[in-house]
Amino acid sequence: MNIGLVTRLWIWQRISGAFLGLFVLVHLMTIIHAIQGGLSASEILGRTQGNVAWLMFYGSFVLASAVHAPIGMRNVLGEMLGWRGRSLDWAMAAFAVALIVLGARATWGVYA
Amino acid sequence: MSQAEEPSLSVAVWRGDETGGFETFEVPRQANQTVLDVVTLIQRSLDPTLSYRYACRVGMCGSCAMTVNGKARWTCRTHVDKVIKGNRLEIAPLENLPIIKDLTCDMTVFFEKMVKAKGYFRGERTREDDFETVKPNSAPRISADEAIECIGCGVCYASCDVINWNPDYLGPAALNRAWSLAQDERDNIQGERLAAVAGDAGCHACHTHMSCTERCPKQLSPTRSIAGLKRLTAAAVVKGAL
């Protein structure tokens, strides 16, 4: 049975959700603050490139999203399409990997 | 003195099984009339073939729940004045349960899920032993205070969106019952019960929409009970017990 797995997924979704709440807030505040003075893309990149703090922040953001979103999608697909079982679990694992790869690529893009 | 026209209610009542439809009856309006009074009047005076279920008429037995103007309610303690729209009432069987006939639905799955959630007590003592006491002021006993008041009417089950999306979901009543037993210090199948209520068909499927809590005629909070089970199962996983 998947009792232990589902309970663990539930715990991880709560933990990742708590972090995402914080990350989204910082992200939105940064966007609003950054565009106040009319920053250009190159000016933004000038601040993010080589900045380890932003790399860590967005790296963590990507990880939290990659944990949170597939667990939620697993529930949504189960309820809305009736897709359940191992095939769904593997598909959501693949979704998590895709989010990490795409997110890491984007994060690295503004850092390197 | 001219005779005033007797006020009447236009009552649309579900007839037949899943493939049935509404039939409208004109019913005299009376003071302090409950929805169950209306259904009873139709069955006794207008159409004796109407099937419905009730027993105590005073909000104890939980057998008269129906869908009244789109919402699940206990009909014996629902005054017509509170729910009427214009002079129209629409009365249907509970949702999320198979219809047997007219206003009577098949509650089998509802009660089977109580058993699946291990909503029963298993103690160690026999009839030869003395009573095992529960301290009335102990924290677990107090936290079960509300949950034990459930009358099993099925209003929460009929109001739950998750059951509609996932028919295997145990539902608010069964999980509420499991929570009340999870607070019983005399019970010795706690581990088995937590395993029974965890997972995709258990407490983790609840979206906390709180329709059960909003509609519960006893004003209980199955949502709170389910949240309690989520905490207990999470703690059990962390301890490696699940």
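Let's start at Gly21(B), which sits in strand β2 of chain B, residues 21-28 (strands are DSSP E runs of at least two residues, helices H or I runs of at least four, numbered from the N terminus). This is a predicted model, where local features need pLDDT of at least 70 and side-chain atom pairs count only at pLDDT 80 or more, while totals for chains, interfaces and linings use all residues. Residues are numbered from 1 along each chain as its sequence is written, and side-chain values use heavy atoms, leaving out hydrogens and water.

Gly21(B) counts as partly exposed because its relative accessibility is 30%; the partly exposed class lies between buried, under 20%, and exposed, over 50% (1.4 Å probe, protein chains only). Leaving aside residues up to four places away in sequence, Gly21(B) touches Val13(B), Trp14(B) and Arg15(B), with contact meaning heavy atoms within 4.5 Å.

Now over to chain A. The buried residues of helix α1(A) include Trp10(A), Leu20(A) and Phe23(A). The buried residues of this helix pack against α3 of chain A, and also against α8 and α10 of chain B.

That brings us to the interface. Sixteen residues isn't the whole story: the contact takes 16 residues from chain B and twelve residues from chain A. On the chain B side, Trp165(B), Asp200(B) and His204(B) lose the most area to chain A, together 40% of what that side buries (buried area is the accessible area, 1.4 Å probe, that two parts lose on being put together, summed over both). Asp200(B) also meets Arg74(A) in a salt bridge, 2.7 Å from N to O; the cut-off is a Lys or Arg side-chain nitrogen within 4 Å of an Asp or Glu carboxyl oxygen.

Methods: Chains lettered and ligands numbered in written order.
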